[in-house]
Amino acid sequence: MSGRPLGILLRSGGHEAAHYALVLATGAAAIGRPVLLFATNAGCALLLRDTPLRADPREALLGRRGVAGLESLLAAACDLGIRRMACEAGLRAEGIAPEALAPDVEVAGVVSFLSAVAEGQMLAL
């Protein structure tokens with residue numbers, strides 16, 4: 001991948017924000033941008049091995065309307081090499097054990113996120 005990195009900060013635990021964070025991440029990675037998805041606080045729910053967001057009623061609605069849901073977007077994120085990071089402080093704030101995270105999710109702090117994005121762009125949801 002080449003180009004300036006895109007850092008996506010996911011603070012919200014809601015389905016809509018999580019879904020669009022993945023849409024942006026996979027879209028950017030598909031055009032060759034390096035992407036880092038950094039989840040903190042309630043946003044960490046997206047990076048759980050068994051994320052409750054898969055059971056959100058909006059998932060069925062998206063499927064009926066032909067829009068990619070979380071499952072396919074999460075798989076695409078892995079296939080595209082999107083780096084996923086859970087905020088160490090955010091995990092503690094939500095009472096989430098690092099062991100509950102999906103495979104290959106890194107646990108790090110905001111300094112690691114900012115360093116990885118460096119001179120790239122950042123979006124917050």
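User: Two strands count as paired if DSSP finds at least two bridges between them; in what order do the 5 strands of the open sheet stand?

Analyst: This is a predicted model, in which local features need pLDDT of at least 70, side-chain atom pairs count only at pLDDT 80 or more, and totals for chains, interfaces and linings use all residues. Residues are numbered from 1 along each chain as its sequence is written, and side-chain values use heavy atoms, with hydrogens and water left out. Helices (H or I, at least four residues) and strands (E, at least two) are DSSP runs, numbered from the N terminus. The pairing in the sheet is parallel, and the strand order is 4-3-2-1-5.

User: Which strands stand at the edges, each with a single partner strand?

Analyst: A strand with a single partner has one side left without a neighbour in the sheet, and two strands are placed so. They are strand 4 (106-108) and strand 5 (121-124).

User: In strand 4, which residue is the bridge partner of Ala-86?

Analyst: Strand 3, covering residues 83-87, pairs with strand 4 in the parallel sense over 3 bridges. For Ala-86, the bridge partner in strand 4 is Val-107.

User: With which side chain does Glu-106 meet in a salt bridge?

Analyst: A salt bridge here is a side-chain nitrogen of Lys or Arg within 4 Å of a carboxyl oxygen of Asp or Glu. The partner of Glu-106 approaches to 2.7 Å, N to O, and is Arg-83. Because Glu-106 lies in strand 4 and its partner in strand 3, the pair ties together parts 23 residues apart in sequence, the partner being Arg-83.

User: How many residues apart in sequence are the parts that Arg-54 and Glu-71 tie together?

Analyst: Arg-54 and Glu-71 form a salt bridge in which the closest N and O atoms are 2.4 Å apart. Arg-54 lies in the loop between strand 2 and helix 2 (57-64), whereas Glu-71 belongs to helix 3 (residues 70-79), so the parts they tie together are separated in sequence by 17 residues.

User: How far from Arg-33 is the nearest side chain of opposite charge?

Analyst: Arg-33 is found in the loop between helix 1 and strand 2, and is buried (under 20% relative accessible area, with exposed over 50% and partly exposed in between, for a 1.4 Å probe and protein chains only). Lys and Arg count as positive and Asp and Glu as negative, while His and the chain ends are not counted. Although buried, Arg-33 has no salt bridge, and the nearest oppositely charged side chain, Glu-119, lies at a distance of 12 Å.

Methods: Pairing = 2+ DSSP bridges.
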